[in-house]
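Please examine the sequence and the structure shown below before reading further. The paragraphs that follow lead from the overall fold to individual residues.

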Amino acid sequence: MAVLFSSLLELLPSIVNKIKESDKKEVILSILNGVIGDYLEEKNNPLQLGMEFRSQSKSVQLNAKSLKENFPNNSGKIILMIHGSCMSSLQWTRNNHNHGEILANDLIKTLLYLNYNSGRHISTNGKNLNKLLKTLSKNWPVPIKEIAIIAHSMGGLVTRSTLHYAKKQNQNWAKSLKKVVFLGTPHHGSPIEKIGNYLDLVLATVPYAKPFAKLGKIRSADVTDLRYGNIIDKDWKNKNRFELKSDERQTIQLPKEIEFYAIAGVLSNKLNNLLGGSLVDLKSALGKHKNP
């Protein structure tokens, strides 16, 4: 099975490159990276995505000259949009309404999008984003007065991880972060991944189903991080991420000097709620836990 999987991956670059529509190609790459992004990185596969800031769908170089050319008129106030698992920076637009652009125009702020490989560990992406924000802050054309982050789903966990490492290193950019809005972020994990973890165990105990149990382990590092909401290295390092066990993550409090907002919803239709709404349950999205 591993040989077959590797063979398929070798064929994928040529298949994806034949797709002429750039937006469609990016969506496919984002999904692929969300599912097996850690594996693509490990094998140095050309389909792996790097982390970068974007403006108007284009990559932004973080040197002083490029930033000045890309953002000649700005007030030093930034809105950063961070997408969720298996998504890309292009997917903030729905029915020709770009949420980031509308917010930036209404609030008179400079708009940036983050695009990244959502298949890597959340803490790995968190540390990487911390480095990028440090460089951005250093080379921004004017002093940064304020940063606001709008983070969807897993993007909220990446944000919390980034902030943890920035505070640990006393990074200046974090002092400019004033507001964070979480959109359906699974702060205490996602039921879907927990079900997937139980599925691994059940399949492995049934003799005829054992070969299929390996399929469950294709899930990328970020997906298994979603089981309980791991955001730092200690939550997963030197542990078997597919092993069925209780919540062992570290408790990371939100800094009091930053305003945090959580937006979440449920579907009223019971069947739809069972199929889609359980991806992030309401308590997890609002950060509510039996242990205060």
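How many helices and strands does the secondary structure of the protein comprise? There are eleven helices and nine strands; helices (H or I, at least four residues) and strands (E, at least two) are DSSP runs, numbered from the N terminus. This is a predicted model, in which local features need pLDDT of at least 70 and side-chain atom pairs count only at pLDDT 80 or more, while totals for chains, interfaces and linings use all residues. Residues are numbered from 1 along each chain as its sequence is written, and side-chain values use heavy atoms, with hydrogens and water left out.

The predictor's confidence in each residue is the pLDDT, on a scale from 0 to 100. The protein averages a pLDDT of 85, and 82% of the residues score at least 70. Over residues 271–277, however, the pLDDT is below 50, and this stretch has six contacts in the model beyond near neighbours in sequence. A contact means heavy atoms within 4.5 Å. Among contacts between residues at least 6 apart in sequence, 77% join residues at least 24 apart. Of the 292 residues in the protein, 45% are buried; buried means under 20% relative accessible area, exposed over 50%, and partly exposed in between (1.4 Å probe, protein chains only).

The sheet can be considered next. Strands of a sheet pair through backbone hydrogen bonds, either parallel or antiparallel. Here seven strands form an open sheet in the order β2-β1-β6-β3-β7-β8-β9, with mixed pairing. Its edge strands, β2 (58–60) and β9 (259–263), each pair on one side only; two strands pair if DSSP finds at least two bridges between them. Neighbouring strands of this sheet are turned by 30° against each other on average, direction ignored. Strands β3 (residues 77–82) and β7 (residues 146–152) run parallel and are joined by six bridges. Within this pairing, Ile78 has Ile147 in β7 as its bridge partner.

Helix α6 (residues 154–168) packs on the sheet, touching β3, β7, β8 (177–183) and β9, and its direction makes about 140° with that of β7. Such angles run from 0 to 180 degrees between N-to-C directions, with axes fitted to C-alpha atoms, for helices over the stretch in contact. Helix α5 (residues 122–139) lies across β1 (52–55), β3 and β6 (110–115), running at about 55° to β1.

In the loop between α5 and β7 lies Ile144. Is this residue, Ile144, buried or exposed? Ile144 is buried, because its relative accessible area is 16%. Not counting residues up to four places away in sequence, Ile144 touches Gly76, Ile78, Ser137 and Ser176. Ile144 and Lys175 are 31 residues apart in sequence, and their C-alpha atoms are 9.8 Å apart in space.

Some backbone angles also deserve attention. Most residues other than glycine have a negative phi. Asn44, in the loop between α2 (22–42) and β1, has a positive phi near 55°. Asn44 counts as exposed because its relative accessible area is 61%. Gln56, in the loop between β1 and β2, has a positive phi of about 50°. Gln56 is likewise exposed, at 69% relative accessibility.

Finally, helix α4 (residues 99–107) may be viewed at both ends. At its start, a side-chain oxygen of Asn98 reaches to within 3.0 Å of the backbone nitrogen of Gly100. Just after α4, Ile108 takes a positive phi of about 55°.

Notes. A polar contact is a pair of N or O atoms within 3.5 Å; within protein, one must be able to donate a hydrogen and the other to accept it, and residues adjacent in sequence count only if both atoms are side-chain atoms.
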